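User: I would like to go through this structure by its fold, its overall dimensions and its charged side chains.

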Amino acid sequence: MNGFDSTRWLKIIALCVVLVALPFVIDATLGRAWVRIIDIALLFVMLALGLNIVVGFAGLLDLGYIAFFAVGAYCYALLASPQFGIHWSFLVLLPLGALVAAAFGVILGAPTLKLRGDYLAIVTLGFGEIIRIFLNNLNRPVNITNGPQGITLIDPLQVAGISLS
């Protein structure tokens, strides 16, 4: 269809309004615990969709897929917690975490470009294990990730000074 389709744009705007209001409605009716449960479920849905692209559509058996998520999440957590005393806004940290995870993807992808099947699975599984062990052991001699306890006191999301925690 050519031109400006006003009903289509109205539907998109209405959907955006409903999605923005949904956490507040769920918090008021069911409680904050259900907002967190739905939030985590939607996070896993996004991870599953990304894995579906890599494994399902591209046909690449990537067993270390979650390591890229971990790299981006640790980047975000380190820069939004008292761990280093840096408290950047999530509007800066979210794209930065995605860029750092993408950079690790390029670093791993460059040497493994021609691998397929079992060989790709072995390399990506090894990368996933290396990241897990590396981040779990970064508490000595200098405490960077707080080891197996993880990073605590991550700043809550704030938009225009309103906390979304």
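**Fold, dimensions and charge pairs**

Analyst: This is a predicted model. Read from the N terminus, the elements of the protein chain follow the order α-α-α-β-β-α-α-β-β.

User: How many helices and strands does the protein chain have?

Analyst: The order of elements from the N terminus is α-α-α-β-β-α-α-β-β. The secondary structure of the protein chain therefore amounts, counting DSSP runs, to five helices and four strands.

User: What is the radius of gyration of the protein chain, next to that of a compact globule of 165 residues?

Analyst: The C-alpha trace spans about 50 × 45 × 30 Å along its principal axes. For a compact globule of 165 residues, the radius of gyration would be near 15 Å, whereas the protein chain has 20 Å.

User: What share of the 165 residues in the protein chain is buried?

Analyst: The accessible surface of the protein chain is about 11800 Å², and carbon and sulfur atoms hold 73% of it. A residue counts as buried when its relative accessible area is under 20%. Among the 165 residues, the buried share is 21%.

User: What percentage of the contacts with a separation of 6 or more comes from residues 24 or more positions apart?

Analyst: A contact needs heavy atoms within 4.5 Å. Of the contacts in the protein chain with a separation of 6 or more, the part from residues 24 or more positions apart is 53%.

User: How far apart are the mean positions of the positive and negative charges?

Analyst: The protein chain carries 8 positive and 7 negative charges. The distance between their mean positions is 3 Å.

User: Where do Arg-132 and Glu-129 lie, and what is the N to O distance of their salt bridge?

Analyst: Arg-132 and Glu-129 are about one helical turn apart, because they sit three residues from each other in helix H5 (residues 117-136). Arg-132 is partly exposed, with 44% relative accessible area, and Glu-129 is also partly exposed, with 34%. Their side chains meet in a salt bridge with an N to O distance of 2.7 Å.

User: How many salt bridges does the count come to?

Analyst: By the 4 Å rule, the number of salt bridges is two.

Definitions and conventions. Residues numbered from 1 in each chain as written. Predicted model: local features only at pLDDT ≥ 70, side-chain atom pairs only at ≥ 80, totals over all residues. Heavy atoms only, no water. Helix = DSSP H or I, 4+ residues; strand = E, 2+ residues; numbered from the N terminus. Buried < 20%, exposed > 50% of the residue type's maximum accessible area, 1.4 Å probe, protein only. Rg over C-alpha atoms; globule rule 2.2 N^0.38 Å. Areas by Shrake-Rupley, 256 points an atom, 1.4 Å probe, with all protein chains shown as cover. Lys, Arg positive; Asp, Glu negative; His and termini not counted. Charge placed at Lys NZ, Arg CZ, Asp CG, Glu CD.
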